[in-house]
Amino acid sequence: MVFVTFSSLYSFSDVDTSGINIPYLDKMVHFVFYFGASVLGILAIQEKTTSIPMKKGLFIAVGFSILFGIIIEAIQYKFTVARHGDIYDVVANSLGAIVAAWVFKRFFSKYLSLK
């Protein structure tokens, strides 16, 4: 989350990205960051707590990721000059978190026991 926070709030205005022209690249980056953060959160909850059911752990990790993404976008909108909060970034963040929970539940909860 430190990496996501730094990447979301730091001004990369001195980085030359003129050669990169991929449509919606920043939305894809948001999706990937929050997908990864949610997967790591799910794994951390499953590893550290045996008393929390899988469904509740998924809900906590995804809820935290979505709330964190909303807060970061609000901070960008209100307190930064070089960065701008965007509702579509919130959507990309949220979709990344939700898809992470879906992928984890669909593919890993049936076959892997973390404890």
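What is the handedness of the crossing of α3 and α4? The crossing is right-handed; a crossing counts as right-handed if the near helix is turned clockwise from the far one by less than a right angle, and as left-handed if anticlockwise. The structure is a predicted model, in which local features need pLDDT of at least 70 and side-chain atom pairs count only at pLDDT 80 or more, while totals for chains, interfaces and linings use all residues. Residues are numbered from 1 along each chain as its sequence is written, and side-chain values use heavy atoms, with hydrogens and water left out.

The chain holds four helices and zero strands. Helices (H or I, at least four residues) and strands (E, at least two) are DSSP runs, numbered from the N terminus. The order of elements is α-α-α-α. Of the 115 residues, 28% are buried, that is, under 20% relative accessible area with a 1.4 Å probe and protein chains only (exposed is over 50%, partly exposed in between). Contacts are heavy atoms within 4.5 Å. Among those between residues at least 6 apart in sequence, 73% join residues at least 24 apart.

Two packed helices are described by the angle between their axes and the distance between the axes. Axes are lines fitted to C-alpha atoms, for helices over the stretch in contact, and angles run from 0 to 180 degrees between N-to-C directions. Helix α3 (residues 54–79) packs on α4 at about 165°, with axes 9 Å apart. The two are therefore roughly antiparallel (over 145 degrees; under 35 is roughly parallel, 65 to 115 roughly perpendicular, the rest oblique). The residues of this contact comprise 10 nonpolar, four polar and three charged. Ala, Val, Leu, Ile, Met, Phe, Trp, Tyr, Cys and Pro count as nonpolar, Asp, Glu, Lys and Arg as charged, and the others, Gly among them, as polar. Gly69 and Glu73 are among the α3 residues in this contact, and Asn93 is among those of α4.

Helix α2 (residues 25–48) also meets α3, with axes within 9 Å and a crossing of roughly 140°. This pair is therefore oblique. The crossing of α2 and α3 is right-handed. By class, the contact has 10 nonpolar, seven polar and one charged residues.

Asn93 lies in helix α4 (residues 87–108). Asn93 is buried, at a relative accessible area of 1%. Beyond residues up to four places away in sequence, Asn93 touches His30, Tyr34, Gly69 and Glu73. His30 and Tyr34 are among the α2 residues that meet α3. The side chains of Asn93 and His30 form a polar contact of 2.9 Å; such a contact is a pair of N or O atoms within 3.5 Å, where within protein one must be able to donate a hydrogen and the other to accept it, and residues adjacent in sequence count only if both atoms are side-chain atoms. The C-alpha atoms of Asn93 and Val32 are 8.1 Å apart, across 61 residues of chain.
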